[in-house]
Amino acid sequence: MTVSEPSDYSSLRSNVSFLGRMLGEMVASAEGDDCLALVEQIRTLSKAARDGDDSAREGLLALLRGLDEAQLVPVARAFSQFLNLANIADQQHTVSREMDSQFSASQTLAEALEDLTNGGLGKEAINEAVARLRIELVLTAHPTEITRRTLIHKHGEIAACLSALELSGHTERERAQVVFRLRELIAQIWYGMDFRSEKPTPVDEARWGFAVVEDSLWAAVPQFLRRLNAALRSQGADGLPIDAAPVSFLSWMGGDRDGNPFVTAEVTREVLLLARWKAADLYLADIGVLIDELSMTRCNSALAEFSGKAREPYREVLRDLRRMLQHTKQVLEAQLEQEPVAVEGIFEEVSQLAGPLTLCYQSMIDCGMEVIANGALLDLIRRVHCFGVHLLRLDIRQHSERHEAALSDMTRWLGLGDYADWDEEARQAFLLRELNNRRPLLPWGWEGEPDTNEVLATCKVVAQQSPDALGAYVISMARQPSDVLAVLLLLKEQGCRHNIPISPLFETLDDLENAADAMQALLDQAWYRGYADGRQMVMIGYSDSAKDAGMMAAGWAQYRAQEALLAQARQYGVELTLFHGRGGTIGRGGAPARDALLSQPPGSLHTGLRVTEQGEMIRAKLGGTAIATKTLALYASAILEANLVTPPAPEDRWREMMDRLAQDSCDSYRAYVRDNPDFVRYFRQATPEQELGILPLGSRPTRRKADGGIESLRAIPWIFAWSQNRLMLPAWLGAAESLARAVADSERDCLLEMAREWPFFATRLSMLEMVFVKADAGLSAYYDELLVEPELKPIGEALRAQLRADRSALLELLGKEALLEDQGWLLESLQLRNIYTDPLNYLQAELLKREREQGSENTASETVQAIMVTIAGVAAGMRNTG
């Protein structure tokens with residue numbers, strides 16, 4: 001399937017200008033004409049400065065430095081809110097009628113299947129591939145998530161208004177009503193609070209995840225399945241069965257306790273109950289609509305028997321389901337309040353809804369009412385099979401060190417010594433012996449250290465759940481078989497009787513390179529093979545490996561690890577699920593979804609796709625029904641293409657080149673990040689990393705350990721901080737330098753061949769090109785000028801010199817005069833955003849200087865409030881927060 005760029009973006013430009021004028025009117029109304037004039041003066045100077053006018057730049061800086069306390073927040077908000085409105089218009093445009101004619105979800109699927117058919121694949125192959133199609137999207141919280149839920153709602157309403165305005169046939173009065181609504185929404189945003197007053201709790205984050213389902217995915221899933229079904233039939237393939245569930249959703253919100261002390265066993269229990277309550281609530285609303293509508297009397301004999309020969313059999317069946325769901329909500333509410341309640345007659349199995357609904361569906365088909373059966377009833381059946389009893393199955397994640405510490409506490413109490421001091425062979429022997437032992441390891445009611453008790457309490461919650469409530473138990477920083485066996489023993493001690501998938505997460509460069517060896521040692525254990533029962537999940541860490549070694553070395557290590565694990569799975573006859581811990585940014589493995597999927601090793605998608613979607617990317621890709629439908633279609637078409645048309649495997653000479661590039665880039669990256677003893681101090685001074693910890697953003701701390709260095713800093717705030725000062729370091733450092741060395745050694749032809757014929761390498765170059773456009777050495781230098789002590793400034797100067805050299809090296813390799821010269825609209829969009837993000841960057845640096853000199857952590861101060869606004873605005877301008 002080919003993807004081209006539409007030639008006409010006139011409607012998008014028009015919408016951006018339209019919203020900008022409305023925002024300007026709002027600023028003048030709320031803050032006065034003088035404030036609007038000041039904002040316009042700043043914008044004009046920023047544009048001139050971007051065009052190379054040095055005097056305009058000096059004038060801009062003087063103007064921003066001279067802002068008084070009362071002007072800081074309104075000025076920063078004006079630029080930040082414009083960028084938010086531009087993003088809304090941009091996202092709405094991707095699902096607008098102008099774009100729908102070229103890139104709709106239906107067309108994405110239809111073209112993919114048509115290309116496969118034209119490529120010689122028969123309908124049997126397509127039917128089989130669709131039957132195997134499995135997309136698991138895991139929603140995760142974001143420790144630097146910027147936008148409040150109430151603002152997300154308003155942004156959605158603005159997008160809906162823009163969609164309404166593109167429809168023809170409005171009367172002037174109807175159009176005026178939509179325009180009035182837009183003014184109302186922009187006023188609500190301006191007069192409201194941009195940020196939470198307190199950090200969200202893990203339960204708050206989980207509720208946000210439920211809202212994504214309710215506001216977007218609930219409608220998107222049946223729409224996507226309808227379009228997939230239509231695309232299949234258009235190519236002569238079989239349609240989807242009514243119980244097809246090729247897509248499902250999971251969550252880490254309330255289950256991910258790695259480095260987050262606020263995610264406790266009790267929080268996990270509460271989130272699991274809330275998820276069930278929300279599922280019952282959503283089903284109840286749909287059942288209510290069907291009761292109102294399905295008043296038909298004709299039915300087949302099976303439904304007549306099931307309904308007790310009721311006069312209105314469909315309504316009779318649906319009323320029973322309504323009573324069950326109402327009772328389910330009441331029981332769950334009592335459990336949330338920890339009140340004693342009889343758990344009987346509630347919704348606990350998918351079949352309790354799917355069975356009666358399918359009976360109704362088949363009855364309608366048998367009685368000639370296909371048009372009714374294939375409407376809202378079919379949508380509900382498909383939701384039931386997608387979302388099940390639990391709405392979002394919950395993954396549990398914990399760091400391997402916490403399991404090790406718990407076992408050390410236990411073995412010391414038992415007089416066996418300290419588990420942490422044992423070598424791997426001794427650990428495995430102990431764990432396997434106890435896993436095979438029928439007696440418990442500890443007496444009933446035993447209590448250890450508080451952290452141990454919390455680990456055990458979490459395992460107890462897992463043990464008490466239905467297997468369908470949970471996805472996997474993910475072990476962060478897994479390195480060896482004992483990391484997996486330790487979790488299994490802890491679960492056994494708490495009475496867990498179901499085989500929850502245990503997914504080791506290999507994160508650092510060394511761990512990725514050793515992943516296959518560690519898994520082989522695990523699969524060589526007969527007891528574990530019996531437990532796994534022919535299935536294994538392994539999570540590939542993109543964020544921490546890139547932080548550890550740089551994007552080029554990490555990308556190649558991830559690719560090779562997947563290849564090795566896939567070969568190993570074939571050897572052991574195991575069905576391997578690769579779980580991709582990607583983020584939205586390049587430094588966290590992010591890339592356009594289709595490119596990312598088609599650049600993976602051959603065979604890596606045969607068992608489906610399991611991938612994290614975090615904070616801002618949930619909003620960008622799943623934040624509205626239309627965009628979510630399109631995202632699901634894109635995922636499905638790319639997976640089908642990858643599975644039916646095997647992507648090219650790398651030639652031996654390409655592998656040798658990648659080995660060299662990976663080593664060179666890693667050495668270069670680590671020379672700065674690891675080997676320079678002053679680098680951490682420079683990083684903390686040159687970016688807003690210090691301030692992230694005091695801002696009321698996500699529930700999770702920005703560091704795993706408060707006193708740690710780069711290795712303890714979470715990958716998301718690490719990348720977030722660098723994107724704020726516009727150096728964008730994690731996304732490029734080392735990569736292009738390694739390319740330049742290869743070119744210097746007369747390897748340009750080999751690199752170009754790799755770029756033409758190997759999607760993995762082409763995607764790396766494409767991501768580098770994008771990040772070099774976003775990076776700005778001049779802005780980074782201004783942060784250094786104001787914030788970095790003199791003895792550390794040479795670090796920044798060296799990094800910016802490297803940035804300039806690397807940008808030139810990439811252009812030389814690609815044979816281009818300018819970056820993104822073949823993607824005109826994208827380049828224009830980024831250049832437009834710079835006019836609005838530049839003042840925010842300059843102002844942020846000035847405010848950080850003031851705040852650090854004052855030494856205040858008062859989040860209510862005008863300075864801190866303005867810093868928060870600039871952080872949000874720059875994130876909006878960059879289209880990511882990490």
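User: Between which two helices does the loop that holds Gln338 lie?
Analyst: The model is a predicted one, and in it Gln338 has a phi near 55°, a positive value in a residue other than glycine. The residue is also exposed, because its relative accessible area of 55% is over the 50% cut-off. The loop that holds Gln338 runs between α13 (313-336) and α14 (350-366).

User: Is Ser746 buried or exposed?
Analyst: Ser746 belongs to the loop between α31 (735-744) and α32, and its phi is near 65°, which is a positive value in a residue other than glycine. Its relative accessibility is 65%, and because exposed means over 50%, Ser746 counts as exposed.

User: How are α32 and α33 oriented to each other?
Analyst: Two packed helices are described by the angle between their axes and the distance between the axes. Helix α32 (residues 748-757) and helix α33 (residues 759-774) have their axes 6 Å apart and pack at an angle of about 105°. Since angles of 65 to 115 degrees fall in one class, α32 and α33 are therefore roughly perpendicular.

User: How many nonpolar, polar and charged residues does the contact of α32 with α33 have?
Analyst: On the side of α32 the contact is made by Leu751, Met754, Ala755 and Glu757, and on the side of α33 by Pro759, Phe761, Ala762 and Leu765. Sorted by class, the contact of α32 with α33 has 7 nonpolar, no polar and 1 charged residues.

User: How many residues apart in sequence are the parts that the pair of Phe82 and Tyr836 ties together?
Analyst: A search of the whole structure finds 28 aromatic pairs. One of them joins Phe82 and Tyr836, with 3.9 Å centre to centre and 25° between the planes, and it is stacked because the planes are under 30 degrees apart. Both Phe82 and Tyr836 are buried. Phe82 lies in helix α4 (residues 69-94) and Tyr836 in helix α36 (residues 824-854), so the parts that the pair ties together are apart in sequence by 754 residues.

User: How far from the ring centre of Phe579 is the charged end of Arg610?
Analyst: Charges over rings are found at two places described here, one of them being Arg77, which lies over the face of Trp190 at 4.5 Å from the ring centre. The charged end of Arg610 sits over the ring of Phe579, and its distance from the centre is 4.4 Å.

User: Which helices do the buried residues of α34 pack against?
Analyst: Helix α34 (residues 777-787) is mostly covered, as 8 of its 11 residues are buried. Among them are Leu779, Tyr782, Tyr783 and Asp784. The buried residues of α34 pack against α2 (33-50), α3 (54-65), α28, α30, α35 (793-814) and α36.

Notes
Residues numbered from 1 in each chain as written. Predicted model: local features only at pLDDT ≥ 70, side-chain atom pairs only at ≥ 80, totals over all residues. Heavy atoms only, no water. Phe/Tyr/Trp six-rings, centres within 6.5 Å; stacked < 30°, edge-to-face > 60°. Helix = DSSP H or I, 4+ residues; strand = E, 2+ residues; numbered from the N terminus. Buried < 20%, exposed > 50% of the residue type's maximum accessible area, 1.4 Å probe, protein only. Lys NZ or Arg CZ within 6 Å of the ring centre and 35° of its normal. Axes fitted to C-alpha atoms, helices over the stretch in contact; angles between N-to-C directions. Parallel < 35°, antiparallel > 145°, perpendicular 65-115°, else oblique. Contact = heavy atoms within 4.5 Å. Nonpolar A, V, L, I, M, F, W, Y, C, P; charged D, E, K, R; others polar.
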